Amino acid sequence: MFLASPGDLSEERKIAKTVVEDFNSQLAKALGYQIELVGWEDTLPGVGRPQAIINRDLDGCDLFVGMLWKRWGTPPGTEAYTSGFEEEFQRSMTRNSKEGRPQIHLLLKDLDAASLADPGDHLKKVIEFKKHVFAERKLLAGTFSDTRDFESKFRKCIQGYVIELTDKDNTSESEKDKAPALEAETLPSSEPGPTTPLSVEGAKFLRTFLHTAEKASEEHPLAADDVARFRLLSSIAAVHGNDQQSLGSHDANLLYKARNKFRFGRREINGLIDDGFAHLQHENVPLWHWIAAVDGFKDNILPIWSVVGTAERRIGALKAMRLISEPIFEKEQIGRQTLVSLWFVKDVDTAVRLAALEYLSECGQQADLPLIKKEFDRNETPTSSAAANAIICITLRDDRRAALEALYAMQPSIVEQELLNALFCNDTEFENEILARGLNHSSALVRTKVVKLLRKRHALAFSVAESLLNDSSAEVRFEALQALVSGGRNYSIDQAKDVLVRKGRATTASGFLAMSQTDRDGEAMLERYAEQHFDSLPSSELEEKATRAIFDQNAYFALVRRDIRLRGDDLRKAVDNDFVDRFELLLQEMANQYGTQTDLIEKTRSLAQYLRSKFTREGLDIICGRLDPTDLPLVRSKLESNHMSHSAEDLRYLAKFGQWRDIPLVIASIERPDNGRKYTSLFSTVSSTKYVDAAHTLLALGKHRLADLLATPMPANLLAHIILFMPAKAFHGLDESVIHSLIQSEDENVRKWAALKFVRAFPRRKVKQLLDNYLAANQFYYNVIHWLDFGLSAPRDRVLRAALKLMTEAKP
């Protein structure tokens with residue numbers, strides 16, 4: 001690498017030398033390249049013009065980095081150039097146009113306003129040069145503000161160049177990019193070799209394509225897949241300054257469909273893999289076939305792709321690695337630790353580091369922990385919790401207690417529920433003292449898990465429980481309150497409300513205080529507490545409260561739960577007539593107590609519809625919860641009335657006693673409002689489970705008529721959940737026409753889960769048959785091709801595990 005600059009950037013030249021030395025000591029061996037930095041201060045003395053001697057080094061360089069600030073430089077002794085920098089730059093530009101090297105970068109230091117206000121002769125030439133460079137946009141040129149900014153950008157420059165060389169080497173070494181010997185002998189001398197942008201196959205295609213294009217007309221248009229391949233070749237024949245990949249998802253799918261028509265060169269396959277990584281998050285481009293085409297699964301090439309190219313490409317490679325649990329094998333040219341370290345090199349895109357941490361959470365090793373800990377120590381908001389979770393996951397695979405200590409020590413504010421379940425699945429390993437330390441954790445999920453375990457063990461001390469009544473989590477406050485009540489404390493409903501329900505104020509965008517917001521979690525916990533509180537009261541007290549409380553029926557419902565055989569028929573009657581008669585009795589009792597002329601009576605009567613609806617919903621929940629088959633007519637009649645709010649109790653009841661005729665009631669339940677559900681909170685929202693509950697119920701009702709069930713009109717999200725929860729054996733028994741209708745659905749998730757279920761349920765030959773038939777249809781969807789290709793191209797054991805992982809992660 002040649003470093004060119006006038007004499008006013010001596011500090012930057014020293015920094016450049018340090019950066020190169022760091023690279024050579026840390027990365028050169030892994031990437032297979034050593035950088036030799038040369039410049040005017042490194043030129044050996046010799047006979048002749050000084051600049052001519054410098055030019056000998058210049059003419060041998062692969063990478064030219066030019067730097068300018070305020071000085072233009074001194075004349076080199078020839079009339080053609082006004083400075084040595086100008087001669088070095090122009091000489092490199094000329095060689096680049098002829099030989100394709102050196103690669104040229106320019107780093108231009110920002111100018112202050114005072115210098116720009118009164119520029120001298122030197123600065124005028126610098127300004128003119130900068131205008132020319134930025135106007136043409138032919139070079140990789142950028143600016144820097146200070147030495148720290150320069151170091152960052154210079155480091156990116158050399159690392160990016162070397163990684164690009166490594167990528168080209170990996171590509172050119174493939175035998176798939178070489179023409180057969182006999183064919184090579186007949187090629188003209190101008191045929192591109194293995195290191196040129198185009199493969200032999202690609203160059204031959206272009207000649208044929210151009211010949212065909214000259215004769216194309218409206219009657220005889222170009223083939224769509226030929227045009228797609230032409231675009232692919234144009235996207236990989238890139239040069240610096242013009243290296244944007246532009247192949248779209250439509251062209252990528254066309255080329256996949258025509259994969260047996262063309263013989264692709266290695267560079268073209270690499271371009272298709274690049275496109276697959278870039279679109280992986282959208283699941284709309286084939287990827288896995290092309291990886292198999294270059295023996296990528298056998299050669300463990302995904303990790304190499306994770307350290308080269310654009311951030312988007314690296315993220316795609318890391319996500320693909322996580323999906324199939326791709327291991328990282330030690331290789332001569334790059335070891336595991338070196339490769340993992342490249343994911344966390346300074347200035348690597350945040351999204352790349354996040355994807356790397358997600359992969360390491362599942363596939364990381366103990367040896368990776370120092371690198372992940374270093375990332376955690378950066379204390380950056382986007383990656384801090386992810387790094388902590390990765391450390392805990394890796395540690396948990398070897399030592400549960402050490403993992404808990406890591407959880408406590410790092411205090412991640414975000415902890416995955418799945419990780420907590422795994423960590424505490426055998427909580428007997430943890431003594432009470434160790435668990436108690438988690439009560440001060442920054443994560444509410446951790447505090448909730450710990451306080452529940454301690455209360456279950458009767459190990460939550462009174463003093464600790466009292467302090468937890470002020471916890472920010474409503475569920476923690478509820479558990480603490482329960483511990484105190486179990487220990488003999490008494491809390492009325494109003495007192496419990498003061499503990500559980502927090503009244504906060506929200507600030508609007510304009511800065512004014514809004515009205516007090518409802519604490520949904522606190523209200524849900526209060527509802528749970530109230531039910532338990534009334535269930536603990538003596539019957540005599542409940543009898544008195546039941547006739548006086550018109551705004552809630554907690555006492556009445558507690559009496560019913562206490563003796564359902566005695567009071568069940570009364571409850572059924574009240575539910576059947578929507579609590580009309582009982583509400584009138586309660587209203588009459590209020591009138592007897594307060595007199596008939598009070599405003600309270602009229603105001604209460606105005607709430608009759610709301611209160612009766614609430615009581616009816618609560619009463620029906622009790623009836624459904626008893627699971628008495630004789631109540632089926634009553635349950636049906638209430639649900640058919642279309643004024644009941646949604647409740648999971650209805651669905652559980654119908655799943656056990658319902659019939660095919662009840663399927664419309666289950667589907668309609670999705671559209672019913674959620675405000676009737678008990679114990680709704682942010683930890684267990686209705687919307688997160690209603691589709692799950694409905695899907696399980698429908699599968700129970702329609703398990704003997706699955707084809708009819710899948711053809712029943714219903715919300716697409718509900719249909720997707722049915723497919724998700726359907727046993728593989730049941731899916732295997734579906735007629736081909738039913739499966740085809742699912743993968744032709746307009747809903748993306750319906751298509752995805754149907755494709756993945758098919759991949760899991762059927763052998764590879766059937767997957768190939770379905771894919772071929774699907775591609776031959778007049779209409780097909782890209783995400784179906786993506787997942788069927790995955791099932792056909794990736795190793796079978798990886799496919800089965802990955803498909804199960806995806807479906808497990810999709811389930812609430």
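User: Where is Phe 579 found?
Analyst: Phe 579 is in the loop between helix H31 (564-576) and helix H32 (580-594). Helices here are DSSP runs of H or I with at least four residues, strands are runs of E with at least two, and both are numbered from the N terminus. This is a predicted model, where local features need pLDDT of at least 70, side-chain atom pairs count only at pLDDT 80 or more, and totals for chains, interfaces and linings use all residues. Residues are numbered from 1 along each chain as its sequence is written, and side-chain values use heavy atoms, with hydrogens and water left out.

User: Thanks! What is phi of Phe 579 near?
Analyst: Phi of Phe 579 is near 60°, a positive value in a residue other than glycine.

User: And is Phe 579 buried or exposed?
Analyst: Phe 579 is buried, with 0% relative accessibility. Buried means under 20% relative accessible area, exposed means over 50%, and partly exposed is in between (1.4 Å probe, protein chains only).

User: Which loop holds Gln 411?
Analyst: Gln 411 sits in the loop between helix H21 (400-410) and helix H22 (417-423). Its phi is positive too, near 55°, and Gln 411 is not a glycine. Gln 411 is partly exposed, because its relative accessible area is 30%.

User: Switching to Ser 443: what does it touch, apart from residues up to four places away in sequence?
Analyst: Ser 443 touches Pro 412, Ser 413 and Val 415, where contact means heavy atoms within 4.5 Å. Ser 443 belongs to the loop between helix H23 (432-436) and helix H24 (444-456). Ser 443 counts as buried because its relative accessibility is 2%.

User: How far is the side chain of Ser 443 from the backbone nitrogen of Leu 445?
Analyst: A polar atom of the Ser 443 side chain lies 3.3 Å from that nitrogen of Leu 445.

User: Nice. What about Phe 209, which helix is that in?
Analyst: Phe 209 is in helix H9 (residues 200-215). At 9% relative accessibility, Phe 209 is buried. Setting aside neighbours within four places in sequence, Phe 209 is in contact with Leu 222, Asp 226, Val 227 and Phe 230.

User: How many residues apart along the chain are Phe 209 and Phe 230?
Analyst: They are 21 residues apart along the chain, and their C-alpha atoms are separated by 7.9 Å.

User: Last one: is the peptide bond from Arg 101 to Pro 102 cis or trans?
Analyst: That bond is cis, with omega near 5°. Pro 102 is found in the loop between helix H4 (84-99) and strand E3 (103-109).

Note on methods:
Polar contact = N/O pair within 3.5 Å; in protein donor to acceptor, adjacent residues only side chain to side chain.
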